[in-house]
Amino acid sequence: MKALPIALILAASAHAQSPATVSRSWENAVVPVEAVGESHKEEPLRLMQPGSLALTFGDPSPSWIGVSGGYQFNSTLQVLVSGGWFWSDDIRIKSVAGTARFHILPTDLTPFVGAGLAVYFMSGHGKFQGLETTTWALPFLTLGLDWIFDFGLRVAAGVNFHFPVKLTFPFINVGISF
């Protein structure tokens, strides 16, 4: 705050002095660091590039492959919508899920926890995790790491825990952030 009176005195005296004297007056002026402020901090990429599109492996689980789109509302909350496909010799599963992820750190690399609900459309012969061929919905918890790189690449990896069935499925999402 001491820099403000000095700046006012220099400005007032500059009005009455020649241009050469004014430039020498400003050369000797010292501006404290507090006067500059901290408004020039760079925001994390997750706030500068809040949208994301990704190719997913294992998400929503169970999926061999899928796609997801998301939006980062603030440094903590990201909401995702995803769809995926799982197949074997006996069954085929299409899944759609909505997930809320809560990022722990406001940095470009951060752990996250979250929860979601997945709806499954199963066809074929047999059971999957004790469930008959049909349509069903399961809540899940998710835990992992999310990393946004400077050039827009976004990678997330973790594990989904479904209940009441004991289905634990790892996943990796690779996509872009915009």
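**Salt bridges in a predicted model**

D59 is buried, with 5% relative accessible area (buried means under 20%, exposed over 50% and partly exposed in between, using a 1.4 Å probe and protein chains only). This is a predicted model, where local features need pLDDT of at least 70 and side-chain atom pairs count only at pLDDT 80 or more, while totals for chains, interfaces and linings use all residues. Residues are numbered from 1 along each chain as its sequence is written, and side-chain values use heavy atoms, leaving out hydrogens and water.

Let's look at the salt bridges.

**The overall count**
- Searching the whole structure turns up 3 salt bridges (a side-chain nitrogen of Lys or Arg within 4 Å of a carboxyl oxygen of Asp or Glu).

**The partner of D59**
- D59 meets R101 in a salt bridge, at 3.7 Å from N to O.
- This pair links distant parts of the chain, 42 residues apart: R101 sits in strand 4 (residues 91-103), and D59 in the loop between strand 1 (51-57) and strand 2 (65-72). Helices (H or I, at least four residues) and strands (E, at least two) are DSSP runs, numbered from the N terminus.
- R101 counts as buried because its relative accessibility is 3%.

**Around D146**
- D146 and R46 form a salt bridge through their side chains, at 3.1 Å from N to O.
- D146 belongs to strand 6 (residues 135-148) and R46 to helix 4 (residues 45-48), so this pair ties together parts 100 residues apart in sequence.
- D146 also forms a salt bridge with R154, whose closest N and O atoms are 2.6 Å apart.
- Shared partners join R46, D146 and R154 into one network of salt bridges.
- R46 and D146 are both buried, and R154 is buried as well.
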